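Let's take a walk through this protein together. Have the 3D view open and follow along.

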Amino acid sequence: MGYSVPLLNLSSTSPMAATLLPNPNPNSYSSSILRFSPSSHPSSLPFSQFSSLFVSRSKRRRSTIPVAASLSAVESQANSGTRGEKKLLLEVKDLTAVIAESKQEILKGVNLTVYEGEVHAVMGKNGSGKSTFAKVLVGHPDYEVTGGSMVFKGENLLDMEPEDRSLSGLFMSFQSPVEIPGVSNIDFLNMAYNARRKKLGLPELGPIEFYAYIFPKLDLVNMKTDFLNRNVNEGFSGGERKRNEILQLAVLGADLSILDEIDSGLDVDALRDVAKAVNGLLTPKNSVLMITHYLRLLEFIKPSYIHVMEDGKIVKTGDITIAKILEKEGYKAISTA
């Protein structure tokens, strides 16, 4: 007999209401954290505004065309070998994907490997496929994988529900986190953290135990305790929302954190706080995949590798020198066109 995890129902009515619901089928396994009501649709409440932890399984997309795996020339050097004693976390080979509705191809053969303890940054022009790549990794329902493979910690991501990807240690921080009126930060995080503990076979933490667990993590992201009692992201500034995303990461933990433009809309002080928090969470066992347009973020969070995307592919891989060239000369300096 499987176990049941509380679900969060998001109504499409305005203002948006959120309620905790029991699993309607207690005899079946469900690890969904958020559930859309029958009248709701991802178009009315964009998926892209949620952390990868909170994904409806209603529109899961599968790989439809098997493709033989081969590394591109520009990735071969960075991807070769085992990088010492490090363990492989993520291996993406010849990944192709389309927009589910229009079938427009966005990803056209992405190759990437991420090992433990590494920080990878993905840069590229608008429309090059950066954010699409990140969303495909966590199972965004608006995209359909048409070829290639994605293996995370030895498991095929294409065989995993979005919430299962999260519970296995994959986290994504989106550019524009959604507001959830009626749900406090501490309740939201407590529920999500207990879902992770269930996945690991650990007992849930009650409110008092969870408060003791989360309190020290507030200092990491420079947040006051009153943030815990505020509704999730409601009335938050851009900097507060980004800090709140990193607080989620600090609470939940992740083997691979995907950070989609966490520097957008931040002033220097807020960026420094967020970067300090991310650096504080890095260990020799976990890794970060960042998407950014700017060198300034990479000066705070030092990347192991920088990848440049162009027309749905990673066309160049190197070190911080690439970002400095882009900052000075623009993408024409390394474009393959």
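This is a predicted model: local features need pLDDT of at least 70, side-chain atom pairs count only at pLDDT 80 or more; totals for chains, interfaces and linings use all residues.

What follows goes from the whole chain down to a single side chain.

Residues are numbered from 1 along each chain as its sequence is written, and side-chain values use heavy atoms, with hydrogens and water left out.

The protein averages 78, and 74% of the residues score at least 70. Take residues 1-77 with caution: pLDDT stays under 50 there.

Now for the overall build. The protein has nine helices and 15 strands; these are DSSP runs numbered from the N terminus, with helices (H or I) of at least four residues and strands (E) of at least two. Of its 337 residues, 54% count as buried, where buried means under 20% relative accessible area, exposed over 50%, and partly exposed in between, using a 1.4 Å probe and protein chains only.

Next, find the open sheet of four strands, which has the order 5-4-7-8 and antiparallel pairing. Two strands pair if DSSP finds at least two bridges between them. At the edges sit strand 5 (105-115) and strand 8 (155-156), each pairing on one side only. Strand 4 (residues 88-99) runs antiparallel to strand 5, and eight bridges join them. One spot to look for is Leu-90, whose bridge partner in strand 5 is Val-114.

Time to look inside. A nonpolar core is a set of buried Ala, Val, Leu, Ile, Met, Phe, Trp, Tyr and Cys residues joined through side-chain atoms within 4.5 Å. The largest one has 46 residues, and those with the most contacts inside it include Phe-210, Val-278 and Ile-301. Helix 7 (residues 268-281) gives this core its largest share, six residues. A second, separate core of 31 residues includes Leu-90, along with Ala-134, Leu-137 and Ile-291.

Finally, zoom in on Asn-194, which lies in helix 4 (residues 185-199). Is Asn-194 buried or exposed? Asn-194 counts as buried because its relative accessibility is 8%. Beyond its neighbours within four places in sequence, Asn-194 is in contact (heavy atoms within 4.5 Å) with Glu-204 and Leu-205. A polar atom of the Asn-194 side chain lies 2.8 Å from the backbone nitrogen of Leu-205.

Terms used
A polar contact is a pair of N or O atoms within 3.5 Å; within protein, one must be able to donate a hydrogen and the other to accept it, and residues adjacent in sequence count only if both atoms are side-chain atoms. pLDDT is the predictor's confidence in each residue, from 0 to 100.
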